[in-house]
Amino acid sequence: MAELKLRDVEKTYGGAVNVLKDINLDIEPGELIVFVGPSGCGKSTLLRMIAGLEKITGGELTIDGQIMNDMPPAQRGIAMVFQSYALYPHMTVRENMSFALKIAKKSPDEIRTAVDEAAKVLQLEPFLDRLPKALSGGQRQRVAIGRSIVRDPQVYLFDEPLSNLDAALRVATRIEIARLKEAMPDRTMIYVTHDQVEAMTLASRIVVLANKGIAQVGTPLDLYERPENEFVAQFIGSPAMNLLPGKISGTGSQTTVALEGGGVAVSDIPTTDADMGKVVNIGVRPEDLEATQGDAIFTARVDITEALGEVTLLYFETEGDGIGLIAKLPGIHKGLRGQTISMTSDPAKIHLFHNGQSMRV
Ligand code: ADP
Ligand code: MG
């Protein structure tokens with residue numbers, strides 16, 4: 001069981017290029033924690049610092065209380081699974097998976113047992129005698145993971161392991177990774193992805209990285225239901241949460257916001273008289289909008305519809321270069337294109353942001 005702590009960790013290149021700063025994070029033993037964030041935000045850099053492949057230029061990393069900053073990668077008890085799975089082409093699956101243990105001078109019996117166990121967990125038993133070229137992309141990826149498992153590391157690091165796979169295989173391999181975690185409940189895993197569906201489905205907790213730091217840490221549902229800022233609100237969930245500007249016009253146990261577009265929104269987030277008149281953005285997810293004949297958050301003409309089968313997406317026409325508003329209605333809706341519709345939402349589903357930060361306490 002490995003517990004990782006990051007304290008004020010930062011990364012600069014050549015002292016000038018600041019990539020990450022103020023990273024404070026406790027990773028519990030046995031967690032599958034996911035780092036998610038836009039391209040270039042420092043996910044791989046953070047992972048590589050944990051692995052020891054990149055120098056930590058400030059702050060401290062400990063594993064089980066031991067400072068790791070200057071510990072060589074091989075002595076950290078960590079295995080890293082990369083995006084590209086370079087297998088030895090002339091070796092069978094069993095030979096590929098045995099290789100590191102042979103180098104480590106383990107006995108043939110030990111090697112056989114370790115490889116057999118890993119092959120069972122990864123459902124690779126039927127392929128042990130095949131060469132990599134006779135495997136599918138997903139199977140090769142599992143062999144790459146298998147090479148790590150045989151060394152029985154305490155911590156697994158995955159850097160976008162599915163990004164080279166096609167859509168169907170991504171889903172299948174994602175489920176394999178979830179299964180793998182279940183088969184090894186006491187191993188700690190850190191998984192990097194820019195794909196929020198992967199993050200939502202795999203993570204025990206998600207770390208959203210943005211603007212050189214941590215935007216929020218929480219369970220997938222925490223991030224979905226209680227985003228602490230507009231960045232997380234719009235990064236988690238698809239299509240992204242709608243944001244509409246307005247001013248607080250009524251306070252108390254519920255808050256009323258008069259929206260710039262003329263609509264009105266009511267939120268269950270309580271406010272005081274001191275908040276009256278504050279400039280805010282209301283946030284409402286496309287799936288939380290519903291048509292109404294009464295008071296509306298907005299009334300707009302449907303520009304485009306997308307029927308996805310289980311849901312229909314409505315893209316509303318916007319004035320000038322305004323923000324595009326999107327609603328996601330359950331089921332199939334025909335003939336809405338070109339119609340003008342009023343939309344509202346349950347006050348429990350209305351988020352309020354002031355200066356980009358959630359007003360929920
Ligand atoms: P991500 O994995 O989230 O896409 P990376 O960790 O790969 O992001 O990169 C984070 C930032 O660090 C990027 O802006 C990248 O350009 C920068 N970076 C990475 N390596 C170097 C380097 N050797 N020198 C300077 N900047 C670097
Ligand atoms: Mg990366």
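For sorting residues by class, Ala, Val, Leu, Ile, Met, Phe, Trp, Tyr, Cys and Pro count as nonpolar, Asp, Glu, Lys and Arg count as charged, and the others, Gly among them, count as polar. This is a predicted model, in which local features need pLDDT of at least 70 and side-chain atom pairs count only at pLDDT 80 or more, while totals for chains, interfaces and linings use all residues. Residues are numbered from 1 along each chain as its sequence is written, chains are lettered from A and ligands numbered from 1 in the order in which they are written, and side-chain values use heavy atoms, with hydrogens and water left out.

Start with the second largest pocket. A pocket is an open set of points on a 1 Å grid over the protein atoms alone, with protein on both sides within 12 Å along at least five of seven lines; a 1.4 Å probe is used, and lining residues have an atom within 4 Å of a point. Its volume is the space filled by probe spheres set on the points, with grid points joined across faces, edges and corners. The second largest pocket holds about 460 Å³ of space. Its lining has 20 residues, and Leu244, Gly261, Phe298, Glu319 and Leu325 lie nearest the centre. Two elements give two or more residues to this lining: strand E11 (242-250) and strand E16 (298-307). E16 supplies the largest share, four residues. By class, the lining has 10 nonpolar, six polar and four charged residues. Helices and strands here are DSSP runs (H or I, at least four residues, for helices; E, at least two, for strands), numbered from the N terminus.

Now turn to the helices. Two packed helices are described by the angle between their axes and the distance between the axes. Axes are lines fitted to C-alpha atoms, for helices over the stretch in contact, and angles run from 0 to 180 degrees between N-to-C directions. Contact means heavy atoms within 4.5 Å.

Helix H4 (residues 137-149) and helix H5 (residues 167-183) have axes that come within 10 Å and cross at roughly 25 degrees. H4 is therefore roughly parallel to H5 (angles under 35 degrees count as roughly parallel, over 145 as roughly antiparallel, 65 to 115 as roughly perpendicular and the rest as oblique). Among the residues in contact are Ile145 and Ile149 of H4 and Leu169 and Leu180 of H5. The contact divides into five nonpolar, four polar and two charged residues.

H4 also meets helix H2 (residues 93-103). Their axes are 8 Å apart, at an angle of about 30 degrees. H2 and H4 are therefore roughly parallel too. Val93, Asn96 and Met97 of H2 touch Val143, Gly146 and Arg147 of H4.

H2 has another partner, helix H3 (residues 108-121). Here the angle is about 130 degrees and the axes are 10 Å apart. H2 is therefore oblique to H3. Met97 and Leu101 of H2 are among the residues that meet H3, where Ile111 and Val115 are included.

Finally, look at the backbone. Where is Pro239? Pro239 sits in the loop between helix H8 (230-235) and E11. The peptide bond from Ser238 to Pro239 is cis, with omega near -5 degrees. Glu160 lies in the loop between strand E7 (155-159) and H5. Glu160 is not a glycine, yet has a positive phi of about 45 degrees.
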